[in-house]
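This report walks through a metal site, a helix and a set of charged pairs. Keep the structure open while reading.

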Amino acid sequence: MADIEKIYRESGALLEGHFILSSGKHSKYYLQSAKVLEDPKRAEELAKLLAEEIVKNGIEVDTVCAPALGGVLAGYELARALGVRSIFVERKDGVMQLRRGFELSRGERVLICEDIITTGGSAMEAAAVVESKGAEVVAFAALANRGLCSRSGSGKEAAAECKLPAQKPFFALEDFEFEIFEPQECPLCAEGSEAVKPGSRGN
Ligand code: ZN
């Protein structure tokens, strides 16, 4: 198995420092998922690894559907690796929907793909759109799992925050579980370092 953490680190997708997460909590690490897909060759290789897992587990897929924007590149590469159709859903007026002439048929077997799954909220919104068209969600996939949801084969229990259904398989290449801290209990703050919001310094 490829060293996924090394690939993320080398592509600048796994940042080490002192970060303020969107939750307001602090962490020593931050995943900038888009960076790992910056190199199309690397994106292709990662998607192939994910496709192998899906095929190995006997999951038959007609179409990969990704929630925009984050999942689009990962979904497209995964669809290419699986040799199936690639579509995406997107939010309009805050509601996830199928646009741009994309269609789904009754009974079509759809895999929902993200670049990273944290709680799986966007993936579940995409799944609801797919099911509203009469298609069937057969599995979920992401390149990276933040460790709240239980990826197939990891043997770990899903945390209460995970929104993915336990009865459907979830495939991911790696668990990225980082310790997160309340600002007032953050050991990095205690050492006197200043937390930054990822993106605020061009990262
Ligand atoms: Zn801190």
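Four residues hold the zinc ion: His18 through NE2, His26 through ND1, Cys186 through SG and Cys189 through SG, at 2.0 to 2.4 Å. The model is predicted. Along the sequence, the donor residues follow the spacing H-x7-H-x159-C-x2-C.

What arrangement do the four donor atoms around the zinc ion make? The arrangement is tetrahedral, because the angles they subtend run from 95 to 121°. The cut-off for that label requires all angles to lie between 85 and 135 degrees. Ideal angles for four tetrahedral donors are 109.5 degrees.

Cys186 is buried, with a relative accessibility of 3%. Cys189 is partly exposed, at 27%. Pro187 belongs to helix α5, which covers residues 187-190. Pro187 is partly exposed too, with a relative accessible area of 36%. Pro187 and Leu21 are separated by 166 residues in sequence, while their C-alpha atoms lie 15 Å apart in space.

Next comes helix α4, residues 121-132. At 1.5 Å a residue, its 12 residues should span 16 Å. The end C-alpha atoms are 17 Å apart, which agrees.

Which residues of α4 are buried? They are Ala123, Ala126, Ala127, Val129 and Val130. These residues cover an arc of only 160° around the axis, so they sit on the same side of α4. An α-helix has 3.6 residues a turn, so residues three or four places apart point the same way.

What do the buried residues of α4 pack against? Their partners are β3, β4 (85-92), β5 (95-98), β6 and β7 (136-145). Just after α4 comes Gly134, with a positive phi of about 85°.

Now the charged side chains. The model has 20 salt bridges.

| Salt bridge | N to O distance | Accessibility of partners |
|---|---|---|
| Arg9 and Glu16 | 3.4 Å | Arg9 partly exposed, 37%; Glu16 partly exposed, 46% |
| Lys35 and Glu38 | 3.1 Å | Lys35 partly exposed, 30%; Glu38 exposed, 53% |
| Arg109 and Glu60 | 2.8 Å | Arg109 partly exposed, 28%; Glu60 exposed, 53% |

How many residues apart are Arg109 and Glu60, whose side chains meet in a salt bridge of 2.8 Å? They are 49 residues apart, and the pair links distant parts of the chain. Arg109 lies in strand β6 (residues 109-117). Glu60 lies in the loop between α2 (40-56) and β3 (63-67). Strands β3 and β6 are also among the elements that the buried residues of α4 pack against.

Why does Glu60 count as exposed, but Arg109 as partly exposed? Exposed means over 50% relative accessible area, and buried means under 20%. Glu60 has 53%, so it is exposed. Arg109 has 28%, so it falls in between. By the same cut-offs, Glu38 counts as exposed because its relative accessibility is 53%.

Note on methods: Residues numbered from 1 in each chain as written. Predicted model: local features only at pLDDT ≥ 70, side-chain atom pairs only at ≥ 80, totals over all residues. Heavy atoms only, no water. Salt bridge = Lys/Arg side-chain N within 4 Å of Asp/Glu carboxyl O. Buried < 20%, exposed > 50% of the residue type's maximum accessible area, 1.4 Å probe, protein only. Helix = DSSP H or I, 4+ residues; strand = E, 2+ residues; numbered from the N terminus. Expected span 1.5 Å × (residues − 1). Arc of directions from axis to C-beta. Contact = heavy atoms within 4.5 Å. Donors = N, O, S within 2.8 Å, 3.2 Å for Na, K, Ca; no water. Tetrahedral: all angles 85-135°; square planar, octahedral: opposite > 155°, others 65-115°.
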